[in-house]
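Here are some notes on the model shown below.

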Amino acid sequence: MSNVSGSSSCSKNVRERGRVVGVPKRCWCGEAVVAKTSKSDHNPNRRYFRCVYAAGNKLMNDNHLFKWIDEALLDEVETMKEFLSETMKVEKKMQMELEKKMEMELEKEIFERIEDVKAEFKTRMNRMIIVLVVGCLIICGLVKLI
């Protein structure tokens, strides 16, 4: 089994069909994948995935799936790292959007309170002006009487 004794994740023939990323489920031919143990001198007891058809017929140097299990698991870990990285980016973006929304709502609430205070202040100023005008009229009327 020359493709079993190699150290690459896929034999030359499998690369022609395309590199399988992660733990394979099926061979390109549609057959299931089985886990086997290498008996070669170069990779003794190293586990690998193999197409059931190719493993059953003891095919060598064929186009059917072959992948080392440790490399498949490393692919899975890398895929998860990328997924988590993207998830963290989305989460951070959502958090920033939420903070921006909360900031806008707080600004809106502060603005509404300021408008309420301005309206109340305007009402009080109008009352004070009316009281001053009435007071001035009373004083002018009293001055004319004296």
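1. Accessibility classes come first: a residue is buried under 20% relative accessible area, exposed over 50%, and partly exposed in between, with a 1.4 Å probe and protein chains only. At 46% relative accessibility, Cys140 therefore counts as partly exposed. Cys51, at 0%, counts as buried.

2. On the source: this is a predicted model, in which local features need pLDDT of at least 70 and side-chain atom pairs count only at pLDDT 80 or more, while totals for chains, interfaces and linings use all residues. Residues are numbered from 1 along each chain as its sequence is written, and side-chain values use heavy atoms, with hydrogens and water left out.

3. The structure holds 3 aromatic pairs. Rings of Phe, Tyr and Trp (its six-membered ring) pair if their centres lie within 6.5 Å; planes under 30 degrees apart count as stacked, over 60 as edge-to-face and the rest as tilted. One of the pairs is Tyr48 with Phe66: the centres are 5.1 Å apart and the planes stand at 40°, so this pair is tilted. Tyr48 belongs to strand β2 (residues 47–51) and Phe66 to strand β3 (residues 66–68), so the contact ties together parts 18 residues apart in sequence. Strands here are DSSP runs of E, at least two residues long, and helices are runs of H or I of at least four, numbered from the N terminus. Both Tyr48 and Phe66 are buried.

4. Tyr48 also pairs with Trp68, with ring centres 6.0 Å apart and planes at 85°, so the geometry is edge-to-face. Trp68 lies in strand β3 and Tyr48 in strand β2, so parts 20 residues apart in sequence are tied together. Trp68 is buried, as is Tyr48. Ring pairs join Tyr48, Phe66 and Trp68 into a cluster.

5. The charged end of Arg46 sits over the ring of Trp68, 4.1 Å from its centre. The criterion is NZ of Lys or CZ of Arg within 6 Å of the ring centre and within 35 degrees of the ring normal.

6. A disulfide needs two cysteine sulfur atoms within 2.5 Å. For Cys140 the closest cysteine sulfur is in Cys136, 6.4 Å away, again too far for a bond. The whole structure has 0 disulfides.

7. An unreviewed UniProt entry places a "transmembrane region" at residues 128–145. UniProt positions follow the numbering used here, feature names are shortened, and annotations may be inferred rather than shown by experiment. In the model, residues 128–145 are 100% helix and 0% strand, with end C-alpha atoms 25 Å apart.
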